[in-house]
Amino acid sequence: MKVLIFGASGFIGLPAAQALSRAGHIVYGVTRSETKAQQLAAAERTFLLLAPLVPRDPSDRLTSVFPVFPIVGEPTDTQAWAHLIPTIDVVIGAVGGTADLRTVAVTLLNAVATTAQSTRPVGSPKITFIYTTGTWIHGSNTDEIVSDTTPLLNPVALVAWCPAVEQIVLKDDRAAFKDEQVTWFGKPGVRLSVLHVDDLADVYVRAVEKAPILGGLAIDASNNTTESVDEFLRKLIQVSGAKGPHGWIEPPNPFEEALSSTVLVRPYLARSLLGWQPKKPGLTDGLPLYYTAWKASRGEQPNEKLFATTK
């Protein structure tokens, strides 16, 4: 299948693009940063296409050597990607960063639909549009378990606009550190619904491959159980050598307020319809590995006690 990903160099879009490519799909990725696209090209796994130079039929350029095709341009700049729409199967919206997330999804949906209506042959299959939000739309509730089909009654303030945007898409017929002490936002008892990006990428692959039978569905994805922030912070102190015990601070803005929310989500559609199961370690159990990777990404030496030595 041919897949077009907006936000392909981002935290979610990049692993999704890589997973889809590994699964044998033809992947085009729109990124706003030429620097990030050049980094992809330097990895010898991608071929760089600058928007003004994209040929009318990019499929002629496909080879097994270059499985992902980055396109440099703004997501809302249809000239950068409109030529792909006549033969594309799935569009994934995973734009993040500084984008105006409140409007970009609807703008992209309208642009894709309008372009498809004017460029795709009569009788062509509909394009599947996969829109990405998050479990904060279920709101913060420490007492009730929610799932994919639970009504969205009280979203976290930061994403209060998301349910309305989700309905537009679905119905369209076309950790803080302070003074070396580990702290978190909110109060004790917070639980997080988390998921490794590789497991999320697997959801995208399965959703793309079963797109014809998934139209109009909102699918949650998270690990099988929520995680206690208290337990996570105690583990973080152990792994990092930071000052303990951990503390709690008042959320200063909507984002930190969202981080202090509890969502007891138990998704089932991804498992029952897609045959999906998360495979990566959870946040707390996998923290030694994740913390080491984070240190390495900053050019720092990992904590020696995380590694076994032989003599």
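**Close-up views of a predicted model**

At 10% relative accessibility, Thr115 counts as buried. The views below are all drawn from a predicted model.

View 1. Thr115 belongs to helix H3, which covers residues 101–119. Because the cut-off for a buried residue is under 20% relative accessible area, the 10% of Thr115 places this residue in the buried class. When residues up to four places away in sequence are not counted, Thr115 touches Trp81, Ala82 and Ile85.

**View 2. Helix H3 and the elements that cover its buried residues.** Helix H3 comprises 19 residues and reaches 27 Å from its first C-alpha to its last, close to the 27 Å expected at 1.5 Å a residue. Thr115 is one of the buried residues of H3, together with Val104, Ala105, Val106, Leu108, Leu109, Ala111, Val112, Ala113 and Ala116.

**View 3. Packing of helix H3 with helix H4.** The axes of H3 and H4 lie 10 Å apart and form an angle of about 10°. The two helices, H3 and H4, are therefore roughly parallel to each other, since angles under 35 degrees are classed in this way. On the H3 side the contact involves Arg102, Ala105, Val106 and Leu109, which meet Val165, Ile168 and Val169 of H4. By residue class, this contact of H3 with H4 contains 6 nonpolar residues, no polar residues and 1 charged residue.

**View 4. Crossing of helix H6 with helix H9.** Helix H6 (residues 229–240) packs with helix H9 (residues 287–297) at an angle of about 55°, and their axes are 10 Å apart. That angle makes H6 oblique to H9. The crossing of H6 and H9 is right-handed. H6 contributes Phe232, Lys235, Leu236, Val239 and Ser240 to the contact, while H9 contributes Leu287, Pro288 and Tyr291. The residues of this contact of H6 with H9 divide into 6 nonpolar, 1 polar and 1 charged.

**View 5. Ile219 in the loop between helix H5 and strand E11.** Ile219 is located in the loop that runs between helix H5 (197–209) and strand E11 (227–228). With 28% relative accessibility, Ile219 counts as partly exposed. Its C-alpha atom is separated by 9.4 Å from that of Ala207, and Ile219 and Ala207 are 12 residues apart along the chain. Leaving aside neighbours within four places in sequence, the contacts of Ile219 are Asp148, Leu214, Leu269, Ala270 and Leu274.

How values were computed: Residues numbered from 1 in each chain as written. Predicted model: local features only at pLDDT ≥ 70, side-chain atom pairs only at ≥ 80, totals over all residues. Heavy atoms only, no water. Axes fitted to C-alpha atoms, helices over the stretch in contact; angles between N-to-C directions. Helix = DSSP H or I, 4+ residues; strand = E, 2+ residues; numbered from the N terminus. Parallel < 35°, antiparallel > 145°, perpendicular 65-115°, else oblique. Left-handed = near helix turned anticlockwise from the far one by under 90°. Contact = heavy atoms within 4.5 Å. Nonpolar A, V, L, I, M, F, W, Y, C, P; charged D, E, K, R; others polar. Buried < 20%, exposed > 50% of the residue type's maximum accessible area, 1.4 Å probe, protein only. Expected span 1.5 Å × (residues − 1).
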